[in-house]
Amino acid sequence: MTTSIDFTDELGRRLAAAKHVVASTGAGASAESGVPTFRDLEGYWSRYSPEELATQAALVRNPILVQSWYAERANRLKSIVPNPCHNSLVEMEEIFPRFDLITQNVDNLHQEAGSTNVVELHGNVRRFYCSECGSDRKNAMPDEIETAVCCEACGGLIRPDVVWFGEILPQENIRYACEAARACDVFLSIGTSSVVYPAAGLAEIAGSSGAFCVEVNIEGSAAAAIMDELCIGPAGRILPALAKLAKTVRRANTKS
Ligand code: OAD
């Protein structure tokens, strides 16, 4: 693990004093595990149109295409493992009195790494349910889908448990996330382009409520201007160094 990353002294002081830290992750947090992002050159939305794949209308229009795309994503995740970014966020749970992990990711990798209180804003691509009666699909989706997969109870089309365009987010989760952003001392925005709301608004809420806002990204995002500190580089390299810094400054704080 490298620690040659330059964090400011102010970040060290904020982490030393923080009672409540929020980390908000996007697709970049999973990029080093091999999960494609959405808006990078090789990202999903450079190859597919969201209207073709991520709406209820698309499911009705072309169920085999939509179900195959999500089943393939879900099945591919079975051989993908968390990276040092996910693992460092697990360590951070232990470091601060309150630590909230809010994610736009649907890949379940934070949970697999061992994070215990993950707030999913956009759902989870490994779960599927009936778009008509809402019942959970118990068995895994097949790798090859030749005819539309339908609900055993009512015959409705099966869909992934992810938030599609035009749909509202799980209300309890977004309420919790906004409250956490408002109350935290340090807000970490990790691997997100910060263009999809309401998730992108969390950093604005945190900043305007007095939190020290830090962005970890390979390049400045749409929210870079409102950040107090930019850590430019891969999350899998920055997060271990950040967790190490947090441990060091808090240990020093306890002794003094
Ligand atoms: P995006 O694809 O929009 O952005 C990914 C971000 O990660 C970019 O800012 C990259 O620069 C950054 N990035 C890439 N590799 C990185 C690395 N190794 N370390 C750190 N940063 C890295 O993904 P999101 O912001 O997550 O919604 O997209 C938000 C939502 O848009 C997704 O949840 C999805 C999509 O439509 C739904 O599916 C509902």
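With 256 residues, a compact globule would have a radius of gyration near 18 Å; this protein has 19 Å, so the two agree. That radius is taken over C-alpha atoms, and the globule rule is 2.2 Å times the number of residues to the power 0.38. Along the principal axes, the C-alpha atoms fill a box of roughly 65 × 35 × 30 Å.

The model is predicted: local features need pLDDT of at least 70, side-chain atom pairs count only at pLDDT 80 or more, and totals for chains, interfaces and linings use all residues. Residues are numbered from 1 along each chain as its sequence is written, and side-chain values use heavy atoms, with hydrogens and water left out.

The protein has 11 helices and eight strands. These are DSSP runs, numbered from the N terminus: helices are H or I with at least four residues, strands are E with at least two.

Now turn to the ligand. Around the ligand stand 24 residues, of which Phe-38, Arg-39, Thr-192, Ser-193 and Asn-217 come nearest. A residue counts as near if one of its heavy atoms lies within 4 Å. By class, this shell has 10 nonpolar, 10 polar and four charged residues.

For Ser-193 the distance is 2.5 Å. For Asn-217 it is 2.7 Å, to an N or O atom of the side chain. For His-122 it is 2.8 Å, again to a side-chain N or O atom. Taken alone, the ligand exposes 800 Å², and the protein buries 93% of that. The areas come from the Shrake-Rupley method with a 1.4 Å probe.

Next comes the backbone. Most residues other than glycine have a negative phi, and most peptide bonds are trans. The loop between β6 (186-190) and α10 (201-208) holds Pro-198. A cis peptide bond joins Tyr-197 to Pro-198, with omega about 10°. Ser-194 is also found in the loop between β6 and α10. Ser-194 is not a glycine, yet its phi is positive, about 60°. Asn-108 has a positive phi too, near 70°. Asn-108 is in the loop between β2 (98-103) and α8 (109-113).

Technical notes. Polar contact = N/O pair within 3.5 Å; in protein donor to acceptor, adjacent residues only side chain to side chain. Nonpolar A, V, L, I, M, F, W, Y, C, P; charged D, E, K, R; others polar.
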